[in-house]
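Please open the model in a viewer and keep the selection tool at hand.

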Amino acid sequence: MKTFVKDKLEVEIFENRTLMGEAAAKDISAKIKELLAEKQEINMIFAAAPSQNDVLKALVEDETIEWNRVNAYHMDEYIGLDKNAPQGFGNFLKAHIFGLVPFKSVNYIDITASNPEKEAERYGELLKANPTDIVVMGIGENGHIAFNDPDVADFNDKRVVKPVKLDEICRNQQVNDGCFKTIDEVPTHAMTLTVPTLVAAPWLFCIVPAATKAKAVYETINGSIDEHCPASILRTRDNAKLYLDDKSSALL
């Protein structure tokens, strides 16, 4: 493992993605326990993507976590998919963690909502009423966090959750990840927690494996801190940690 700090962001690089996921899960587990020693329950937001498989698997296997004192949320959701579509982020997380451990509550963005603006407002009010303690997140190929692609990301966004149009790189990533066969199958719009909503959490754990993320990782760490690479904002946050594998760190 190699470690370094860029601005405020702590970075750890591992030999492979399995070790990366296990290390991140260990740190997340420790933070959950630390917070639960201080209060009765905590709120966590999870990213839904194949890049998170390793850390989610390790968290599910950790039998020492009191999940019955944790409220779960997710950070984005497609607009227009069938409610049972496996690509739906709520469905993905149900298969990988939400349905596998006994959370106190699981709070889904409604993929069937006919009025995305209203659903964004509803979920935003829910998040405001239950301040987030921990975010488990990734970075997209275009540097997005959640579905805040560069052209819709706003570091000063006043909204908590908003509907957005997905850019071409983001939609192609869903094909590269094996979630859809062709880009024509990928929805063009989604709902996302905004950048300020995500980074307002006091503890940010960002897990980013794979060669397809190498350029985004390079820009996150070495580029300017602005919306051209939304993940670059992590360098401004206290208690943000980035976990990389040998492939995602290849350009560093």
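**Before starting**

This is a predicted model, in which local features need pLDDT of at least 70 and side-chain atom pairs count only at pLDDT 80 or more, while totals for chains, interfaces and linings use all residues. Residues are numbered from 1 along each chain as its sequence is written, and side-chain values use heavy atoms, with hydrogens and water left out.

**First stop: two loop residues**

Select Asp7, found in the loop between strand 1 (2-6) and strand 2 (9-13). Strands are DSSP runs of E with at least two residues, helices are runs of H or I with at least four, and both are numbered from the N terminus. Asp7 is not a glycine, yet its phi is positive, at about 55 degrees. Its relative accessibility of 45% makes Asp7 partly exposed; buried means under 20% relative accessible area, exposed over 50%, and partly exposed in between (1.4 Å probe, protein chains only).

Next, select Ala146, in the loop between strand 7 (134-137) and strand 8 (161-165). Ala146 also has a positive phi, about 50 degrees, although it is not a glycine. With a relative accessible area of 6%, Ala146 is buried.

Now display the open sheet with strand order 5-9-8 and antiparallel pairing. Two strands pair if DSSP finds at least two bridges between them. Strand 5 (76-78) and strand 8 stand at the edges with a single partner strand each, so one side of each has no neighbour in the sheet. On average, neighbouring strands of this sheet are turned by 20 degrees against each other, direction ignored.

Zoom in on strand 8 and strand 9 (residues 189-193), antiparallel and joined by five bridges. Select Lys165 to find its bridge partner in strand 9, His189.

Axes are lines fitted to C-alpha atoms, for helices over the stretch in contact (heavy atoms within 4.5 Å), and angles run from 0 to 180 degrees between N-to-C directions.

**Last stop: residues of helix 7**

Finally, select helix 7 (residues 214-222), which contributes three residues, the largest share, to the lining of the largest pocket.
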